[in-house]
Amino acid sequence: MNDIIKAQLAKYKASNPIEEENATKEIIQEIALYGLWRAKFFEVAVFQGGTSLRILHQLPRFSEDLDFMLLTPDSGFDWAPYLKVLTTTFEEYGLNPETVSKEQMDKRIRNAVIKDNSVANQLDLSFGQRDKRKKLKIKLEIDVEPPAHSVDAFTFLDFPVDYEVRHQNLASNFALKIHALLCRDYVKGRDWYDFSWYAAQGVYPNLPHLEAALQQFGPWSKNEGLSADKNWLEERLNSRLHEIDWDAAKQDVRRFLPPMEAESLNLWSNRFFEAKLIKVLKNAPHS
């Protein structure tokens, strides 16, 4: 089955070890999604976050983790039965990763990790030659107390075979990205890269979903009178973008981009993102 993986990897035309490693991670992510579909995971959960944009909507940057949220809250959710099917699926494709569930039953976000060094060593990939013990790590995260008002969509994928993924629609996914932009206590350039991408796609965020997320977690969680409307969104995002160290933001995202795409990072500034914000606001539906 390594021939299937090798053929898929060749499509990326990776030009250096970092691109090769990112491409290999993405292949493992897609096999993981297929395994989760086999386990009927998408009957209880939806795919969301940056990796969903990459795999489902061709976001130009690579992404590290697989992020999900339950369709309905369930404090008893456990990764274990799904990881069992994931392990079987990986073995069918000649891979032998560790799949580890983090015991965090008291946490809202439940984590699991896929760790693998078999694919790099079997295919003699250049990034694996640097350290034979090096393991690719892909984190799986699921929100077991998801904010309300998310809207679902469905997409068929065809690698490694045909299957279907349930995921957030773009407006709902954008809402959670804005939540991260406003509430994250450190600079993550990938958030701002995704914001720029959403603006270019003509997407406007699902504001009821954003408001529910803000009331659930972050600086506005105790604000019972919060109304996350267009004016509030403009004010808060404009204030936030003027707080960002754009050099640090560019450094975070650069390694996830192909060289031609990375050139556009030279544009990043307050003025650049002010223009992106204006574009997003113009996409607001007319009441």
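Below is a short exchange on how some features of this predicted model get their labels.

Me: What counts here, and how are residues numbered?
Reply: Residues are numbered from 1 along each chain as its sequence is written, and side-chain values use heavy atoms, with hydrogens and water left out. The model is predicted, so local features need pLDDT of at least 70 and side-chain atom pairs pLDDT 80 or more, while totals for chains, interfaces and linings use all residues.

Me: Why are α8 and α11 called roughly perpendicular?
Reply: α8 (189–201) and α11 (residues 246–254) pack at about 85 degrees, with axes 7 Å apart. Axes are lines fitted to C-alpha atoms, for helices over the stretch in contact, and angles run from 0 to 180 degrees between N-to-C directions. Angles of 65 to 115 degrees count as roughly perpendicular, under 35 as roughly parallel, over 145 as roughly antiparallel and the rest as oblique. The two helices are therefore roughly perpendicular. Helices (H or I, at least four residues) and strands (E, at least two) are DSSP runs, numbered from the N terminus.

Me: Which residues make the contact of α8 with α11?
Reply: Contact means heavy atoms within 4.5 Å. α8 gives Gly 189, Arg 190, Trp 192 and Tyr 193, and α11 gives Trp 246, Ala 249, Asp 252 and Val 253. By class these are five nonpolar, one polar and two charged. Nonpolar covers Ala, Val, Leu, Ile, Met, Phe, Trp, Tyr, Cys and Pro, charged covers Asp, Glu, Lys and Arg, and the others, Gly among them, are polar.

Me: What makes a space a cavity or a pocket?
Reply: On a 1 Å grid over the protein atoms alone, a cavity is a set of points where a 1.4 Å probe fits but cannot get out; a pocket is an open set with protein on both sides within 12 Å along at least five of seven lines. Lining residues have an atom within 4 Å of a point. Grid points are joined across faces, edges and corners, and a volume is the space filled by probe spheres set on the points. The whole structure has two cavities of 30 Å³ or more.

Me: What lines the second largest cavity?
Reply: This cavity holds about 40 Å³. Its lining includes Ala 180, Arg 184, Trp 192 and Arg 240, and both α7 (170–183) and α8 supply at least two residues. The lining has six nonpolar, no polar and four charged residues.

Me: How many residues line the largest pocket, and which lie nearest its centre?
Reply: The largest pocket, of about 950 Å³, is lined by 36 residues, with Gln 48, Asp 67, Glu 141, Ala 180 and Arg 184 nearest the centre. α7 gives the largest share, six residues. The lining divides into 13 nonpolar, nine polar and 14 charged.

Me: Why is the pair Asp 152 and Arg 166 called a salt bridge?
Reply: The definition asks for a side-chain nitrogen of Lys or Arg within 4 Å of a carboxyl oxygen of Asp or Glu. The closest N and O atoms of Asp 152 and Arg 166 are 3.2 Å apart, so the pair qualifies. Asp 152 is in β6 and Arg 166 in β7, 14 residues apart.

Me: What is the peptide bond from Phe 159 to Pro 160, cis or trans?
Reply: The bond is cis, with omega near 5 degrees, and Pro 160 sits in the loop between β6 and β7.
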